[in-house]
Amino acid sequence: MDVYHKVLLKLYQVTGGKDSQIVDLKDLVKNLGFLGNYNDISQMLSGQGWIAETPKLNYVRITHWGVKEANKSGDGGADVAQVLKKEVTSLVSNAKQFLILLEEFSSDTTRENFNRVEDKLNGINSAVKKLQANIQ
């Protein structure tokens, strides 16, 4: 997924797909790590008709066409809530596996078992960061 669609999908998540909600696009782009490309992103989204500017500087609203494009491009057309639910379910499973690995490590404190605990914890941390990026 390209940067434009990532920003559009995040805008869709923040607004809940409602074209009546206004959002500080500059802040949204900054939080996604693309601030250096703000002008290009803003022009592209506006040029495609996916966002509409508001009288307030840097604030936009998603348009009907933006909602359609976000739905079309968002994870193969899946609903954003379903995508988040899938990520949370995976995180719960990884957390359960982490507990099992901790129990194994407590009974057999080898370096190999510790490495497995550490690897699982790193995976959980990555999943949490991914969720954080997708939550409003």
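Modeller: Before we look at any pair, a word on handedness: a crossing is called left-handed if the near helix is turned anticlockwise from the far one by less than a right angle, and right-handed if clockwise. Please also keep in mind that this is a predicted model.

Colleague: Fine. Which hand does the crossing of H2 and H3 have, then?

Modeller: The crossing of H2 and H3 is right-handed. The axes of H2 and H3, the latter being residues 38-47, come within 10 Å and cross at roughly 120°. Angles from 65 to 115 degrees count as roughly perpendicular and those over 145 as roughly antiparallel, so H2 and H3 are described as oblique to each other.

Colleague: And which residues in H2 and H3 meet?

Modeller: On the H2 side they are Leu 25, Lys 26 and Val 29, and on the H3 side Tyr 38, Ile 41 and Ser 42. Sorted by class, this contact of H2 with H3 has four nonpolar residues, one polar and one charged.

Colleague: You mentioned Ser 42. Is Ser 42 buried or exposed?

Modeller: Ser 42, which lies in helix H3, has a relative accessibility of 13% and counts as buried. If we leave aside its neighbours within four places in sequence, Ser 42 is in contact with Leu 25 and Ile 51.

Colleague: Okay, back to the helices. At what angle do H1 and H2 pack?

Modeller: Helix H1, residues 3-15, packs with helix H2, residues 25-32, at an angle of about 120°, and their axes are 10 Å apart. The crossing of H1 and H2 is right-handed.

Colleague: What do the two sides bring to that contact of H1 with H2?

Modeller: H1 brings Lys 6, Val 7, Lys 10, Leu 11 and Val 14, and these meet Leu 25, Leu 28, Val 29 and Leu 32 in H2. By class, the contact of H1 with H2 has seven nonpolar residues, two charged and no polar ones.

Colleague: That leaves H1 and H3. How do their axes cross?

Modeller: The axes of H1 and H3 come within 10 Å and cross at roughly 75°. That value makes H1 roughly perpendicular to H3. Here Val 3, Tyr 4, Val 7 and Leu 8 in H1 meet Asp 40, Ile 41, Met 44 and Leu 45 in H3, and by class the contact has seven nonpolar residues, no polar and one charged.

Colleague: Still on H1, what can you tell me about Tyr 12?

Modeller: Tyr 12 is found in helix H1 and is buried, with a relative accessible area of 11%. The C-alpha atoms of Tyr 12 and Ala 70 are separated by 6.6 Å, although the two residues are 58 apart along the chain.

Colleague: Changing topic: how many salt bridges does the structure hold?

Modeller: The structure holds one salt bridge. Glu 69 forms it with Lys 72, and the closest N and O atoms are 3.4 Å apart. Both Glu 69 and Lys 72 lie in helix H4, residues 64-73, where they are three residues apart, or about one turn of the helix.

Colleague: Which of those two is buried, and which is exposed?

Modeller: Glu 69 is buried, with a relative accessible area of 14%, whereas Lys 72 is exposed, with a relative accessible area of 58%.

Colleague: Now the backbone. What is the phi of Asn 58?

Modeller: The phi of Asn 58 is near 70°, a positive value in a residue other than glycine. As background, most residues other than glycine have a negative phi. Asn 58 sits in the loop between strand E2 (51-53) and strand E3 (59-62), and it is partly exposed, with a relative accessible area of 22%.

Technical notes: Residues are numbered from 1 along each chain as its sequence is written. This is a predicted model: local features need pLDDT of at least 70, side-chain atom pairs count only at pLDDT 80 or more; totals for chains, interfaces and linings use all residues. Side-chain values use heavy atoms; hydrogens and water are left out. Axes are lines fitted to C-alpha atoms, for helices over the stretch in contact, and angles run from 0 to 180 degrees between N-to-C directions. Helices (H or I, at least four residues) and strands (E, at least two) are DSSP runs, numbered from the N terminus. Contact means heavy atoms within 4.5 Å. Ala, Val, Leu, Ile, Met, Phe, Trp, Tyr, Cys and Pro count as nonpolar, Asp, Glu, Lys and Arg as charged, and the others, Gly among them, as polar. Angles under 35 degrees count as roughly parallel, over 145 as roughly antiparallel, 65 to 115 as roughly perpendicular and the rest as oblique. A salt bridge is a side-chain nitrogen of Lys or Arg within 4 Å of a carboxyl oxygen of Asp or Glu. Buried means under 20% relative accessible area, exposed over 50%, partly exposed in between (1.4 Å probe, protein chains only).
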